[in-house]
Amino acid sequence: MADSQRHPFLHGLSKHRGAPPTVVVIFGASGDLTARKLIPAVYNLGRDNLLPADFQLVGFGRKPIPDEEFRALAEAAIRRFSRRNLDPAVWGRIAAGTTYVAGGYDEKAAFDRLAGHLADLEKKSGREVQVLFYISTPPTVFAPILLNLGASGLARKHLDQPHHAKVIIEKPFGRDLDSARELNATIASVFQERQVYRIDHYLGKETVQDLLVQRFANAIFEPLWNRNFIDSVQVTVAEDIGVGARGGYYEQSGALRDMIQNHTMQLVALTAMEPPVSLDAEAIRDEKVKLLRAIQPLVLGPGGDAARAQYTAGMIGGKGVKGYREEADIAAGSATETYAAMRLSINNWRWQGVPFYLRSGKRMARRVSEIAVNFKCPPGTLFAADGHFDLAGNTLSFQIQPDEGLSLILNTKIPGLETRTQPVKMNFRYATTFGSDTPEAYERLVLDAMIGDGTLFIRGDEAETSWKLCTPVLESWAAAGGGSMDNYHAGSWGPAAGDALLAKHGHVWRQP
Ligand SMILES: NC(=O)c1ccc[n+]([C@@H]2O[C@H](COP(=O)([O-])OP(=O)(O)OC[C@H]3O[C@@H](n4cnc5c(N)ncnc54)[C@H](OP(=O)(O)O)[C@@H]3O)[C@@H](O)[C@H]2O)c1
């Protein structure tokens with residue numbers, strides 16, 4: 001897009017972030033994520049001239065797929081899933097450098113063949129090319145892939161150069177503390193931490209990045225961002241969809257593993273961390289880990305800090321939907337939660353006494369992800385509650401999806417001859433201000449990994465610290481089994497057990 005055609009508010013913003021010559025190798029290239037997100041991300045980076053001149057894409061998988069067929073699959077994926085239409089010239093350039101290597105993930109010879117193929121590509125390009133491995137397979141094969149990248153020497157490619165081999169690892173990063181530690185140990189046996197990019201695509205979302213800008217580029221927030229002025233914080237990651245055809249997968253996962261341990265904990269860390277000394281990846285990640293370590297172990301059991309539930313039949317968008325236990329591939333007495341909520345206490349100077357509430361669920365009233373920072377109510381001396389005044393504590397909310405933006409609830413005088421007040425909402429919406437052509441999270445993250453910027457990726461110690469908090473909750477739920485599971489109607493905002501977490505402090509969930 002010519003600069004003159006861009007939205008007026010984007011004029012003058014630099015678009016240039018350069019990656020060195022790179023070959024991206026996708027493991028699991030015939031899969032769903034590759035088609036829906038990764039190939040469209042590469043294509044859109046190409047459309048924005050953000051791919052390096054010598055960019056190459058290599059698919060890897062067990063099924064033999066000729067290069068031509070892989071290119072056709074990729075083109076079909078762009079037509080179906082890309083946020084922008086397929087431009088044949090852009091795709092033609094990417095397709096010319098797109099190839100496929102078939103082999104087993106546990107087959108060393110296949111990785112030797114891949115190494116030979118990459119060496120050929122580098123020879124043809126006539127200069128040093130960095131390799132970015134993207135592991136987009138089910139987690140059962142993360143370890144064999146990592147170990148074979150080590151055994152074939154690929155993990156050490158150009159290790160002494162700035163543009164050394166890098167690896168992106170998809171979620172889930174373990175299913176508890178022990179498995180996360182084991183995966184970290186496998187990674188560390190093959191790669192150095194500076195080569196590793198653990199992805200949480202939430203961190204690639206504009207609003208999540210904007211959280212850092214809002215907090216640290218505006219002087220008005222920092223003086224208020226503490227226990228003296230903030231009453232509570234609520235983080236909601238709600239979906240209106242059920243488990244659909246993924247019941248078998250979901251039974252092994254649940255809301256806490258799928259959403260809370262990663263996405264919502266990351267949102268808490270970014271909201272509550274101390275200002276980093278710089279925008280350097282390590283400086284930011286150091287602060288996030290410090291914050292996560294300050295969260296107190298949760299009180300378990302009835303009346304404790306965590307709640308879980310499953311959806312029962314209900315109405316979504318005017319249509320009747322099944323309950324979780326009636327969905328395909330779900331056990332009759334399933335112990336997997338489709339809703340999880342937690343109350344966190346952060347024991348540091350800034351946050352002591354300010355509850356952080358987290359919730360995530362499927363089949364909730366609507367799809368929304370937001371962080372709501374609730375400020376304390378003003379003293380009631382002037383505008384007392386005598387019926388004329390409807391005063392609310394100010395709430396600053398970051399809406400992560402959909403309809404990305406920021407809003408602030410302020411108490412305002414209702415026009416008229418009497419002084420009456422009412423809370424009103426001031427809204428900033430990305431799409432209104434900047435146009436709706438926002439890059440997808442995966443575009444930002446693939447580009448950052450190519451450039452070598454780990455800021456929006458999770459460090460090994462971060463993943464383990466988050467699991468350390470969540471694992472005892474999972475263990476206590478596993479011990480309790482499916483018999484004591486709470487329920488909520490599909491289309492509601494969750495179970496009474498979730499409300500009870502807040503009631504203890506006189507709070508209620510917002511209805512975003
Ligand atoms: N799909 C999403 O929207 C999404 C979102 C966030 C994160 N993720 C994560 O991204 C990764 C990939 O997700 P996906 O949905 O693309 O997975 P997928 O379609 O189930 O699998 C990706 C590819 O991995 C290979 N594969 C599948 N099952 C395998 C098995 N049991 N053993 C060895 N190889 C197997 C297959 O390729 P070959 O048969 O060609 O080898 C398959 O095409 C997962 O870790 C997932 O949790 C996915």
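This is a walk through the structure, one selection at a time.

**Whole chain**

Start with everything shown. The model is predicted. Colour by secondary structure: the chain has 14 helices and 17 strands. Its C-alpha atoms fill a box of roughly 80 × 60 × 45 Å along the principal axes. How does the radius of gyration compare with that of a compact globule? The chain has 24 Å, and a compact globule of 512 residues would have a value near 24 Å, so the two agree. Buried residues make up 42% of the 512. Now think about contacts between residues at least 6 apart in sequence: 77% of them join residues at least 24 apart.

**The parallel sheet**

Select strands E1 to E6. They form an open sheet, with the order E3-E2-E1-E4-E5-E6 and parallel pairing. Which strands stand at the edges? They are E3 (98-102) and E6 (196-198), and each pairs on one side only. Look along the sheet for its twist, which averages 20° from one strand to the next.

Next, zoom in on E4 (residues 130-135) and E5 (residues 166-169). These two run parallel and are joined by four bridges. Show Tyr134 and find Ile168 of E5 opposite.

**The ligand**

Now select the ligand and the residues around it. There are 20 of them, and Gly28, Gly31, Leu33, Gly61 and Arg62 come nearest. Then colour the shell by residue type: six are nonpolar, eight polar and six charged. Which element supplies the largest share of this shell? Helix H1 (residues 32-47) does, with four residues.

**The mixed sheet**

Move to the other sheet. Its nine strands lie in the order E16-E15-E14-E13-E7-E12-E11-E8-E17; the sheet is open and the pairing mixed. Strands E16 (420-429) and E17 (486-489) stand at the edges. Each has a single partner strand, so one side of each lacks a neighbour in the sheet. Neighbouring strands are turned by 20° against each other on average, direction ignored.

**Two hairpins**

Phe398 stands opposite Leu406 in E15. E14 and E15 form a hairpin with three residues between them. In that turn, pick Asp403: its phi is positive, about 55°.

Follow E15 (residues 405-414) onward to E16. How many bridges pair E15 with E16? There are ten, and the pairing is antiparallel. Thr412 faces Gln422 in E16. This second hairpin has five residues between its strands. Pick Gly416 there: its phi is positive, near 150°.

**Helices on the mixed sheet**

Select H9, residues 255-272. H9 lies across E7 (230-238), E11 (339-344), E12 (356-361) and E13 (368-375). Against E12, H9 runs at about 145°.

Then select H14, residues 496-503. H14 also packs on the sheet, touching E8 (306-312), E11, E12 and E17. The directions of H14 and E8 make about 155°.

Note on methods:
Residues numbered from 1 in each chain as written. Predicted model: local features only at pLDDT ≥ 70, side-chain atom pairs only at ≥ 80, totals over all residues. Near = placed C-beta within 6 Å. Nonpolar A, V, L, I, M, F, W, Y, C, P; charged D, E, K, R; others polar. Pairing = 2+ DSSP bridges. Axes fitted to C-alpha atoms, helices over the stretch in contact; angles between N-to-C directions. Contact = placed C-beta atoms within 7 Å. Rg over C-alpha atoms; globule rule 2.2 N^0.38 Å. Buried ≥ 20, exposed ≤ 12 C-beta atoms within 10 Å, placed from the backbone.
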